[in-house]
Amino acid sequence: MTPRHHLSEATLVSYAAGALSPEMTAVAATHLLDCAHCRRLLTSAESVGGALLERQQLLHAPADRHARLRQDMLSQLDRLPPQDTAAEITAPPAGKPSDPDRLPLPLQPYFGPNWSGLRWKWAAPGLHIVRTATPGPDKLIMLKVAPGRAMPVHSHQGSELTQILRGAYDDALGHFASGDAADLDHDTRHQPVAASGVPCVCVAALDAPLSFPGWLARKLQPLVQL
Amino acid sequence: MSITKARAPDGSHWAELMASVTQQRDRESFMRIYDHFAPRVRLYLKGLGLPEGQAEELAQETLLRLWQRAAQYDPARGALSTWLFRVARNLHIDRKRREPQWASIEEEADLAGDLEDTVSLSPERLAEQAQLASRIDRLSTVQARVIRMSYFEAKTHSEIAHELGMPLGTVKSHLRRAFLHLQQGVQEAP
């Protein structure tokens with residue numbers, strides 16, 4: 001699977017910086033598992049972090065404090081043998097069991113381990129969702145859109161980051177299939193329509209309530225309650 | 001500890017020290033790395049909002065990991081500062097969110113990662129690292145600001161937008177342009 005729609009540079013930078021919300025992080029990490037292109041860019045965003053770390057202007061730390069920490073480190077070196085990580089590093093990724101019922105690892109803390117354990121709730125005709133309880137302001141939801149069904153036209157007050165897990169959808173921005181990310185700006189208005197055949201399942205992180213502009217969509221909003 | 005820019009060691013210096021750590025378990029070499037990086041990691045963690053004591057503790061843990069997992073560090077895949085940044089970031093996030101998933105995701109992505117893309121520690125690669133540093137100096141004021149707020153304060157796009165009184169889309173495009181600017185040349189590696 002080679003994704004064709006990727007994380008935005010702004011998302012990758014914030015992911016590398018450890019500055020995305022946990023919900024956005026979960027979706028971005030799910031995309032990164034499948035996307036060598038974004039992993040390469042992530043590496044370079046992380047090297048920006050390394051360069052910044054290196055270039056910090058140090059203030060003079062109290063010498064005795066540094067000496068104490070240094071001594072503490074030296075005494076730990078003897079106690080800690082190197083970990084035998086050679087096997088870990090060379091272990092082929094193919095060795096991972098690929099149970100088709102397993103949800104991607106980054107989503108498991110929110111949705112549980114398995115597809116079969118998801119508790120879908122009817123939200124609107126052709127639309128089922130699983131909500132999660134998140135402590136922060138961001139929301140994380142799983143959506144299942146029946147084949148050929150359209151979502152209401154919507155735009156966003158904040159950002160929406162979606163990863164397509166199964167099936168596919170089309171909107172004005174293109175064709176989004178399993179493995180693709182839709183990393184949308186606040187000013188994007190779109191109406192995804194699920195492709196025919198199988199339901200389209202996505203996981204989406206939202207950092208502000210959606211706004212529905214049209215009369216039909218306004219009628220639908222109470223139903224969808226996103 | 002006075003570190004002047006003129007004497008700032010480059011990537012090959014750290015790679016040589018790491019080679020003796022990996023091959024001979026050389027404490028001397030390791031402590032030279034420690035003396036340089038531990039205060040920087042500590043400062044980074046303090047900037048993220050950790051109290052002094054916790055920043056010290058996590059910085060020690062970060063450097064200890066380097067000692068224990070020295071064999072995992074491959075200079076061809078990135079600068080030592082990047083490796084340390086990644087470990088410190090992950091330890092901080094783990095502590096903050098109590099979500100051990102993060103670290104394992106990272107490791108898994110690394111494992112599944114692009115081993116085929118590995119290039120040797122060529123002069124070009126070292127030049128790239130130096131180039132990145134000078135590109136950071138040439139960021140515009142606002143780009144430098146959003147980059148610092150992201151990396152050193154771990155602020156989300158919305159938080160930056162709120163703090164700077166900027167539309168969210170503007171924050172994202174500043175971050176995007178800053179990244180594209182920093183990346184020029186780096187991305188051209190095969």
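The side chain of Thr25(A) reaches the backbone oxygen of Leu20(A) at 3.5 Å. The model is predicted. Thr25(A) lies in helix H2 of chain A, which spans residues 22-34. Its relative accessibility is 5%, so Thr25(A) counts as buried.

Cysteine pairing was examined next. Zero disulfides are present over all chains. Cys200(A) takes part in no disulfide, and its nearest cysteine sulfur, that of Cys202(A), is 3.7 Å away. For Cys202(A), likewise in no disulfide, the nearest cysteine sulfur is that of Cys200(A), at 3.7 Å. A disulfide requires the two sulfur atoms to be within 2.5 Å. Cys200(A) has a relative accessible area of 1% and is therefore buried. Cys202(A) also counts as buried, because its relative accessibility is 6%.

Helix H3 of chain B covers residues 52-68, and helix H4 of chain B covers residues 80-97. Their axes come within 10 Å and cross at roughly 130 degrees. H3(B) and H4(B) are therefore oblique to each other. The crossing of H3(B) past H4(B) is right-handed. On the H3(B) side, the contact is made by Gln54(B), Glu57(B), Leu58(B), Glu61(B), Thr62(B), Leu63(B), Arg65(B) and Leu66(B). H4(B) contributes Leu80(B), Trp83(B), Leu84(B), Val87(B), Ala88(B), Leu91(B), His92(B) and Arg95(B).

Technical notes: Residues numbered from 1 in each chain as written. Chains lettered and ligands numbered in written order. Predicted model: local features only at pLDDT ≥ 70, side-chain atom pairs only at ≥ 80, totals over all residues. Heavy atoms only, no water. Helix = DSSP H or I, 4+ residues; strand = E, 2+ residues; numbered from the N terminus. Buried < 20%, exposed > 50% of the residue type's maximum accessible area, 1.4 Å probe, protein only. Polar contact = N/O pair within 3.5 Å; in protein donor to acceptor, adjacent residues only side chain to side chain. Axes fitted to C-alpha atoms, helices over the stretch in contact; angles between N-to-C directions. Parallel < 35°, antiparallel > 145°, perpendicular 65-115°, else oblique. Left-handed = near helix turned anticlockwise from the far one by under 90°. Contact = heavy atoms within 4.5 Å.
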